[in-house]
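Dear colleague,

I am passing on the structure we spoke about, together with some notes on what was found in it. Please keep it open beside this email as you read.

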Amino acid sequence: MAETGASPLPPTPPARSPLARAEHFVWLTARVLEQRLFAYQFLNGGADPVETALDAYRNEDGGYGHALEPDLRGPVSQPLHTGHALRVLDAIERCGGQRVERVCRYLTSVTTPDGALPAIHPSQRGYPAAPFISILDDPPSELLATGPVVGLLHRNEVWHAWLFRATDFCWQTVESLEQSHPYEVQAAVAFLDSAPDRPRAEAVADRLGRLVRDHRLAALDPDHLDAYPVAPGYAPGEHHFPHDYAKTPDSLARAWFTDDEMSRSLDFLVNEQQHDGGWPIRWRQWAPGTALEARPIVTIEALRTLHAYGRSLV
């Protein structure tokens, strides 16, 4: 029996949903762009504020810079920044029209001799960048940069002269892969999921899925991560999971994994949400500000994946 006059115990706070915890994290830490994007995708916010926030990163050459991708600092346009911008425009269903015409002009200006994109244009030299990013005077074409951009443009039925050779490059590269690493595989999936030739894409995806399993590029058992090697050059613990490849149930990469493997992967993703409401980044953290900017991006991606698979967020 409580003593007379004793203060009552405070009520037990209600359990907060994953979405509510993530919302608190976004308002606490995110850039304006990610705040607006979160509001659009989960709070019935408008698309105009997202596009306005994205415009702050756009340069006169039609590309995007200003650390839109947090690991590349400085104002200059870069293919990776521009690919990120296209993902945002796709998310708000505005990946078309004059805004994409400008992007394609920029892509044409930085295209390599074989019609594709370098991961890093040499204009980055002199500005801060993650130490694991190489800046070369004559950079090669990279599926890492080209595949997601080509996939998004095809997904949105954009037709531009730049796409022809870039699409050929993606086909040739993905069809000849004998070994790879997780980020390159993700770029390949981003291309294949939207490539116009569906039978060809399905055949290539089947072969790529066997490569992923044979080379253990997906951690199929999150409880035994020591059984899965981390790719050379990656940070300790920088594993990739089925949900990192098959971000939606209709991705071609979904067929690479059994229902049990996918369920374990999604359970792991749910449990990765941290006490502050955000999801962690698994790649190498090299500066405090970049990690802070990247976590809201990763958090929104995690929520989108869980929502796509029907996992409850509320």
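Is the crossing of helix 7 and helix 9 left-handed or right-handed? The crossing of these two helices is left-handed, a term used where the near helix is turned anticlockwise from the far one by less than a right angle. Please bear in mind that this is a predicted model, in which local features need pLDDT of at least 70 and side-chain atom pairs count only at pLDDT 80 or more, while totals for chains, interfaces and linings use all residues. Residues are numbered from 1 along each chain as its sequence is written, and side-chain values use heavy atoms, with hydrogens and water left out.

Helix 7 (residues 162-176) and helix 9 (residues 198-214) pack at an angle of about 35°, and their axes are 9 Å apart; helices here are DSSP runs of H or I with at least four residues, numbered from the N terminus, and axes are lines fitted to C-alpha atoms over the stretch in contact, with angles running from 0 to 180 degrees between N-to-C directions. On the side of helix 7 the contact (heavy atoms within 4.5 Å) is made by Trp-171, Val-174, Glu-175 and Ser-176, and on that of helix 9 by Arg-200, Ala-201, Val-204 and Arg-207.

His-81, which lies in helix 4 (residues 79-91), counts as buried because its relative accessibility is 0%, where buried means under 20% relative accessible area with a 1.4 Å probe and protein chains only. Leaving aside neighbours within four places in sequence, His-81 is in contact with residues including Tyr-64, Leu-68 and Val-76.

Definitions and conventions:
Buried < 20%, exposed > 50% of the residue type's maximum accessible area, 1.4 Å probe, protein only.
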